[in-house]
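Let's take a friendly walk through this model, one side chain at a time. Keep the structure open beside you and look for each residue as it comes up.

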Amino acid sequence: MTRTAMGDSCVGEAGAVENGSKHSNFDFDFIVIGSGFGGSVSALRLAEKGYTVGVMEMGRRWTPDNLPQSSWSLQRWIWRPNLGLRGFFNIRFFKHATIFHGCAVGGGSITYACTLMPPPDKVWGNGSWSGLADWKTEMPRHYETATRMLGVTQNRILGPADLLLRKAADIAGIGNTFYCTNVGIFQPADGQPGNQTFADPYFGGAGPERTTCTACGGCMMGCRYRAKNTLDLGYLYLAEKLGAKVFPETRVVDVKPLGGASSDGSAGYEVTTVRSTSLLHGQRNRFTCRAVVFSASSLGTMELLFRLKETGSLPAISDQLGKHVRTNSESLIGARTPGYSEDLSQGVAIGSGIYLDEHTHIEAVRYPKGSDTMGFLTTILTNGHPGPRRIALWLKNVLFSLLRHPFKTVRVLQPLGWAKEFVCLLCMQALDGEIEMHWKRPWFWPFRKSLMSRGDKVPTYIPKANEFAQKYAQLTGGFPMSMLPEILFDVPGTAHCIGGCVIGDSASRGVVDSRHRVFNYKNMYVCDGSVIAANLGVNPSLTITALAERAMSFIPGQRLEVRLQR
């Protein structure tokens, strides 16, 4: 263990002055758990205010040189360290959802589709955060800051899949709803080729060199050209320049108040870590800090807080933990065309979208050529409500397709060539619906507790979306496709798990208050997607960033003899 005196730097907010010795030594003023959109924002803004910051990140640090060539490089793509897989993409299977998320220095920004869209204003009037702040007045300036920091621009790179989406929308009579997504990608000027390197275009020369997008479609496999505005090239890069220390491959296993479990955190915290990529975890390291920011993603923060509540390290965490979890009410469908004349993987990961109605929109999603492993999860499109009848109808559809088009059917059901021939249609709905996560022993592995989902099922069959997938496939003479888990298990897939530590007016309605302060504890914050209290209906990364910007704006600059306050 390395312990370094960090001096007398302190933090103040409006409220009572905390107790504690002015000359106490801490390893850091703040420890931030996780380096995703909430964690990286927190690290930079706290470092700018003069605080010493340690960032504990479970994932690895990635560069263009060590990224996987394709999704077949499972060891460098999938994150399952206990199985020797040390990539940046994780898949978690629950009864109510298959959840995709990232794990890396830079969090989900390494593998996300870099789509950055604000939600409709109505979300601020829904859920437990309604009325707790003047959200509609406050949030625009934080969205503006997040947009600038993430280099958001309207996509100008339309690949074949985007052009097909526009044609399908025209056929469906909704062509006027077609839009180009807002993305965090350094795009070439009109008429200029990609793969051109420039000095930092975003932070006045304080950031790294960047290279313009080549339209390879590889955003979700990790950008190999430094065109994608990942957090390790923005917020986190700047935070490290200001002295924030990032600890990669470091998993936090305990957070407890100094002074005992009955303490409210006024005296600071002890944070215990182990090496995340070691099978035996090995030596434990302990760090002390004045304050803790949980930013481990919705799933990661819930999981850690459940464990700390059960072990007695943080027993006063609200019983609302795990409630009001949302998935953007998503369904994944698509179309595959064997031998199609154009490479459908070309473009940016999500370059365009259309609206089926005021609540439902679809975005065209792609993986780069050669990254075909997700093809194992796709199958022939099947309508019908979930249950045995839908499974029977799916078997009938596959059998009839094999009889009528045996060679083409085999082609679309095997994964090779999937990314080049397939367009995923991500359907998201701005309709409120939620599930709950709780902490229990699964029947199939009773040796330890883990997150388990419960509640009403999120719909996996959206008739309008399936109808649109059929129109899309007709344009190319291809096959409309469904996701196999949705048909067999009535389990939707989502990369947008939010909630579980939602903002509320008290511990009886949420886990944190409107300034992201954890109820019943001092000097403790949550800044990630888990605080979101309503279904956004859009990709949540921009909102997580903006909310973290707002939360950090309430923490004043470093001042002598003032303690962290509620």
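Serine 40 is buried, with a relative accessible area of 0%. Here, buried means under 20% relative accessible area, exposed means over 50%, and partly exposed lies in between (1.4 Å probe, protein chains only). This is a predicted model, in which local features need pLDDT of at least 70 and side-chain atom pairs count only at pLDDT 80 or more, while totals for chains, interfaces and linings use all residues. Residues are numbered from 1 along each chain as its sequence is written, and side-chain values use heavy atoms, with hydrogens and water left out.

Where does serine 40 sit? You will find serine 40 in helix 1, which covers residues 37-48. Helices (H or I, at least four residues) and strands (E, at least two) are DSSP runs, numbered from the N terminus. Setting aside neighbours within four places in sequence, serine 40 is in contact (heavy atoms within 4.5 Å) with Ser35, Leu231, Tyr235 and Leu236. The side chain of serine 40 also reaches the backbone oxygen of serine 35, at 2.7 Å.

Now let's turn to charged pairs. The structure holds 21 salt bridges, each being a side-chain nitrogen of Lys or Arg within 4 Å of a carboxyl oxygen of Asp or Glu. One of them joins the side chains of glutamate 48 and arginine 45, at 2.9 Å from N to O. Because these two residues are three apart in helix 1, about one helical turn separates glutamate 48 from arginine 45.

Another salt bridge brings together the side chains of arginine 61 and glutamate 240, at 3.1 Å from N to O. Arginine 61 lies in the loop between strand 2 (53-56) and helix 2 (74-77), and glutamate 240 lies in helix 5 (residues 235-241), so the pair ties together parts that are 179 residues apart in sequence. Arginine 61 is partly exposed, at 34%, and glutamate 240 is partly exposed too, at 28%.

Finally, aspartate 319 forms a salt bridge with lysine 309, with their closest N and O atoms 3.1 Å apart. Aspartate 319 is in the loop between helix 6 (297-311) and strand 16 (331-336), while lysine 309 is in helix 6, 10 residues apart. Aspartate 319 counts as exposed at 59% relative accessibility, and lysine 309 as partly exposed at 24%. Salt bridges that share partners also join Arg45, Glu48 and Glu549 into one network.

Terms used: A polar contact is a pair of N or O atoms within 3.5 Å; within protein, one must be able to donate a hydrogen and the other to accept it, and residues adjacent in sequence count only if both atoms are side-chain atoms.
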